[in-house]
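User: Hello! I am new to this structure and would like to understand the words used for it. Could you walk me through them?

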Amino acid sequence: NVSRLRSSSVEIREKGSEFLKDELHKAQKELKLKDKECERLSKVREQLEQELEELTASLFEEAHKMVREANTKQAAAEKQLREARGKIDMLQAEVTALKTLVITSTPSSPNRELHPQLQSPSKTVFRKGHGRNKSTSSAMVSAASHNVPPEPVSRECREVDSILFAEFQAWKECPTLDKSCSFLDRIYREDVGPCLDFTKQELSELVRVAVEQNTLTIEPVASQTLPVVKVAAEECGGPKKCALSGLPRTCKHRIMLGDSGNYYYISPSCRARITAVCNFFTYIRYIQQGLVRQDVELMYWEVMRLRREMSLAKLGFYPCEM
């Protein structure tokens, strides 16, 4: 029995030794495979890192290129902006000069540069500049040859209203287009509102907003195209119907509100009313922008003249050429 036990233990040891050797060989093979896999993964990682570096370098190069192009474009845009501002300053100076010439010409003291017919015949003969109308020139020559004295310029008496002048002065200290101030509130109630109060109330409100925002466009309608104009909608009027009054009138002009692309045909009377209001807003915008270099009283009287134009237009008076 003892010998059997010894022989069985020896066999067990041998079998255990062989089993352990087999397991060791398997572990060594798996370790070699893992080493190869690690080496392969290490190569993949190195390749990815290299590609990432190349991609990062290309992205940085592209970003620098875009920055250089943006800087170049910005420099060109700034140059164009400076040139545009210079042109705007020149145009504003010209507008100021023209407005000064126009505004300083009143019935009581007309500007002789704008009205050459008021010059004496001896001066107008040698006057250089723009040519005069032939009929005016011939009339002056005939009048001079017959020694007919020129008709005196009509003068009108006027007196500054203390309340209106005080409101204008207060507005002039801090000019604004906010109609809540007393100066503009009065003009809205007494002039602008009634002047833009047409039969078509909804369209009238749109016209008032466009005039306030300076987005209204008035353009003439060519006479040769009047008979063939097709109107998209009935409320837009037509060459023979005013869109604001709704009355049958010969419409030589049409308006567009902003960038809507819709045109509305208007009669000469409605055009005169809109133009009078636009002239008023244009002048007070010039004052707000500092383009009018005049005495406060002269500016006040110009505002009163523009208010009178709105009142007359509301009553139906307008120039025949409209």
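**How two helices meet**

Analyst: Gladly! Helix α7 crosses α8 in a left-handed way, meaning that the near helix is turned anticlockwise from the far one by less than a right angle. This is a predicted model, where local features need pLDDT of at least 70 and side-chain atom pairs 80 or more, while totals for chains, interfaces and linings use all residues. Residues are numbered from 1 along each chain, and side-chain values use heavy atoms, without hydrogens and water.

User: Why is α7 called roughly antiparallel to α8?

Analyst: The angle between α7 (residues 268-288) and α8 (residues 296-315) is about 165°. Angles over 145 degrees count as roughly antiparallel, so α7 is roughly antiparallel to α8.

User: Which residues of α7 and α8 make the contact?

Analyst: Contact means heavy atoms within 4.5 Å. Among the residues that make it are Ala276 and Phe280 of α7 and Val303 and Leu306 of α8. The contact residues divide into 11 nonpolar, 1 polar and 4 charged.

Technical notes. Axes are lines fitted to C-alpha atoms, for helices over the stretch in contact, and angles run from 0 to 180 degrees between N-to-C directions. Helices (H or I, at least four residues) and strands (E, at least two) are DSSP runs, numbered from the N terminus. Angles under 35 degrees count as roughly parallel, over 145 as roughly antiparallel, 65 to 115 as roughly perpendicular and the rest as oblique. Ala, Val, Leu, Ile, Met, Phe, Trp, Tyr, Cys and Pro count as nonpolar, Asp, Glu, Lys and Arg as charged, and the others, Gly among them, as polar.
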